[in-house]
Amino acid sequence: MRMVSKCLLTLFAATTVVAHAQPLRIFACEPEWAALVRVLAPDAEVSSATHVLQDPHHIEARPALIGQLRRADLAVCTGASLEAGWLPMLQQRAANPAVQMGKPGLFFAAEQVKLIGIPEQVDRSNGDVHAEGNPHLHLDPHRLQEVAAALAERLAHLDPTGAPAYRQRYLQWADRWQQRMAGWQSRAASLRGQPVVAQHSSFAYLWAWLGLRQSADLEPKPGLPPSPGHLQQVLSRVRSELPLAVVQTSYQNPQPGEWLARQTGRPLLALPATVMSEGPAATLDGWFTRLIDQLLSASTPS
Amino acid sequence: MKHNKSLSLLAGNLLLCLSVHAADAIKANAGLPLDISLTLDGGFSSRDIVLGGRERGFALGHTELGASGNIDNRFRGQAAVALHRHEGKTELEVEEAYIETLGLPAGLQIRGGRFLAQIGYLNSQHVHADDFRERPLLYRAFLGQHYFDDGMRLNWVAPSDFLVQLGAEAFSGKTLNHTNSTRERIGTYTLNARLGGDLGRSQSWQFGLSWLRNQLQGEMKGTHDHHHDHAEGVAGEAHTHGASYTGRNLYLVDGVWKWAPDGNNRERQLRVSGEYARVTGLNKFASSADVHNAAYLSLVYRWHPQWEAGIRADALKVREPHDDHFHAGQLEERSVMLAYKPSHFSTLRLQLTQQQDRGGFAQASNTISLNYVMSLGAHGAHGF
C-alpha cells in the first residue's frame, strides 16, 4: 500500500515537473522566423507554416495550419499585410485567444523595424502594393537583428522563468551575427554599385544592404506575373547596361528569367528567398552565406 | 413585401454608412480597425437554367458589400449586404451580420447573429470565391443557393496537429422555409464535423459530415403547392433563398483534396471537391424510399497564376410530393469553365452549362455565360 502511494506520489511529481517544463509552442508564418526562434529558444516546439518553395503572399488557410495555430503559445509572423490573404482566416478559425491581434502571443516583425518602399499612394492599378511598405525585411541582416532583439524580449515576457536564457542567447547570437555581417560585406564589396534585374521587390532589402541596384523588375506591376510584352521592354532597357545577373526566387516560375538570361547572356540566379528546409542554408548564417556565394558566382566570369 | 421593403431600406442605410467608412478606410490605410470589401459580380448568359440563380441576358450577380473587424479584445464582427434581382426588381439583403468571440478558452468559439450555416463544404464560403458561375445543383435545390439565417453557433477546435472541428448551430429557420411567422422559436438545427490535414508538402485534404434538422418542415401549409411542374427554379423565382426541395433532415458528406507541386499553389494547383446530400422526411406520407438525393464532383486546375479551367458534374433526384403520393424527378447538369484572373482581385469566366432532363424537368436547358467577379478594398482572407 505504502509502496503504491509512493509510486503515485513520484508519478504525480513527475507530471507536475513535466507540466512546468512544457516547451513553448511557436507557430512561425515563415521559415526565417522559425530559424530565429530555434536560435533564441532551442527548446521550443516550433513549426513553420510555409517553406522556401512557397510564395508567402499566396498561402491557403489549410486545415493543417488551423490545427497548428490552435495549439500555439506564440505566432511569429512578418506582418505588413504579407499574410493578409491567410493569417486572419487562420486566427478566426483556430479559436486560440493567445494569438489574436494585440495579444503578446502575436509577434509581427514588421512592427519592430522601419520599412522601406512605403508607397506615396496606394492604388491597385499600381499592382498589389502594401501600404505599410516592403514586407521582405528579413533580407536585411541589420533589421533581422533588430527583430531578434524584440523577439527575445517577447519570449522573455511570455516565459519569465526562461527570460535570462533568451536574453543571453540573443546577446551571444548578436555578437556572432555582427562578425558575420562584417565578413559578408567585405566579401561582397565588389558587388557594390552593380545593376541586377529581379522579379518583384523580394530582395530589395538585400540590394540596399549590399549596395546593388535593381535596374528592372520582371513583373509589370507588383504581384502580377511577367508578361511577354513587359519582358521585351525590360530587355530593351537593360541592353545598354547589362545586369550582373537576372534574379528570381526559388518559388517563381523560372521561364521569364531564363528567357531574359538567354537574351542578355547574363546568368540566372534562383536565390532562396528564405532559409531552406535542409542543408547548410537551413540556418540564418548558412542562408546569407549562400546568398552572397551565389551573387559572387555571377560576377566571376566562368 | 412590406418586410422586403423595410429590409432593403435598412440595407440601403447600412450600405451608405459602410461606404462613408470605406472612404475613411482608404484615407487612413493600415491600422484602421475596419476592413471594407466590395465584390462586383455580373455578366451575360444566353439562357435561364432550371434552379438557376442568374437571369439570362445582362444581369448583376452576387454583388456584395462587406465590413469586418475586431470589436474589442473579446469580440469580432462582420456584416455583408448583397444585391439580388427578384422578379425583375433589385433588392438589397443583409446576408451576414454577426458577432463572434475571440477569447474563449479550450478552443471554443460562439457566434451569434445572421450568418452562413456551417454545413457542407461550400455553404459557409462566400459565393464570390466559387469556381463556377452557379452553386452546385445540390445547393440550389436544397439550400436556396446558400443557407444563411439568424441564430447561434458553438464551435470547438481540438488541440491536434491536424484539424478536428465540431460545431452545433440553432437558427430561426425562416430563410430556409421562406416564411416570416412560425410557432417554433428554433426552426433549424445543424451539427457539423470537419477533419483535415496535409499529406506531405504537395497535398492537403478536408472531410466533413453535416446534419441539418428542419423543425418547420410540414408546419407550413402547402409548402410545395407552388411547384407542381418543377418550373420553380427557372430564374425570377430563384433568389428567394428558400429551399426548393425540403425535408425534415438533410445529411451532407463533403470531401476536398488539393494538390500543388511542392505546395506552391500560386503557380499550379489541382482542386478536387465533391459533396453528397440526402433529404429525408419529405412529409407525413413519405415512406423510407421517398427521399431527395443530390451530388456533385468538381475538378479545377490552375496551370498559370492567371489561368484556371474546370469541369463539374451535378445530379439531382427528387420525389415531388403531390397530396398523398410522389412524382419522381431527375436532373443532370454538366459545366465547363475557363477563368482568367489578371490579378488576385479580378476574375473573368467563360462557362458552358448543359442540363439534361431525366424526368420531371422539362425546362432543362443549356447556357453559355461570361461573367466577372472582382473585389475592391480589403484583401479578404479565404477559407480552404
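In chain A, strand 1 (residues 25-28) and strand 3 run parallel and are joined by 3 bridges. Strands here are DSSP runs of E at least two residues long, helices are runs of H or I of at least four residues, and both are numbered from the N terminus. Two strands pair if DSSP finds at least two bridges between them. As a landmark, look for I26(A), which stands opposite L74(A) in strand 3 of chain A.

Before we go on, a word about what you are looking at. This is a predicted model, where local features need pLDDT of at least 70 and side-chain atom pairs count only at pLDDT 80 or more, while totals for chains, interfaces and linings use all residues. Residues are numbered from 1 along each chain as its sequence is written, chains are lettered from A and ligands numbered from 1 in the order in which they are written, and side-chain values use heavy atoms, with hydrogens and water left out.

Back to strand 3 of chain A, residues 74-77. In a regular strand the side chains alternate between the two faces of the sheet. Here both faces are covered: L74(A) and V76(A) on one side, A75(A) and C77(A) on the other, are all buried. Buried means under 20% relative accessible area, exposed over 50%, and partly exposed in between, with a 1.4 Å probe and protein chains only.

Strand 3 of chain A also pairs with strand 4 (residues 106-108) of chain A, in the parallel sense and over 3 bridges. There, A75(A) has L106(A) as its bridge partner. To get from strand 3 to strand 4, the chain passes through helix 4 (residues 87-94) of chain A, making a right-handed β-α-β crossover. Right-handed means that, with the strands pointing away from the viewer, the path from the first strand over the helix to the second runs clockwise.

Now for two loop residues. N134(A) sits in the loop between strand 4 and helix 5 (141-158) of chain A. Why does N134(A) count as buried? Because its relative accessibility is 8%. Leaving out neighbours within four places in sequence, its contacts (heavy atoms within 4.5 Å) include L115(A), S201(A) and Y205(A).

The other one is A188(A), in the loop between helix 6 (163-187) and strand 5 (195-198) of chain A. A188(A) has a relative accessible area of 2%, so it is buried. Not counting residues up to four places away in sequence, A188(A) touches L210(A), I292(A) and L296(A).

Let's move to chain B, which has 3 helices and 17 strands. Of its 384 residues, 52% count as buried. Among contacts in chain B with a separation of 6 or more, 61% come from residues 24 or more positions apart.
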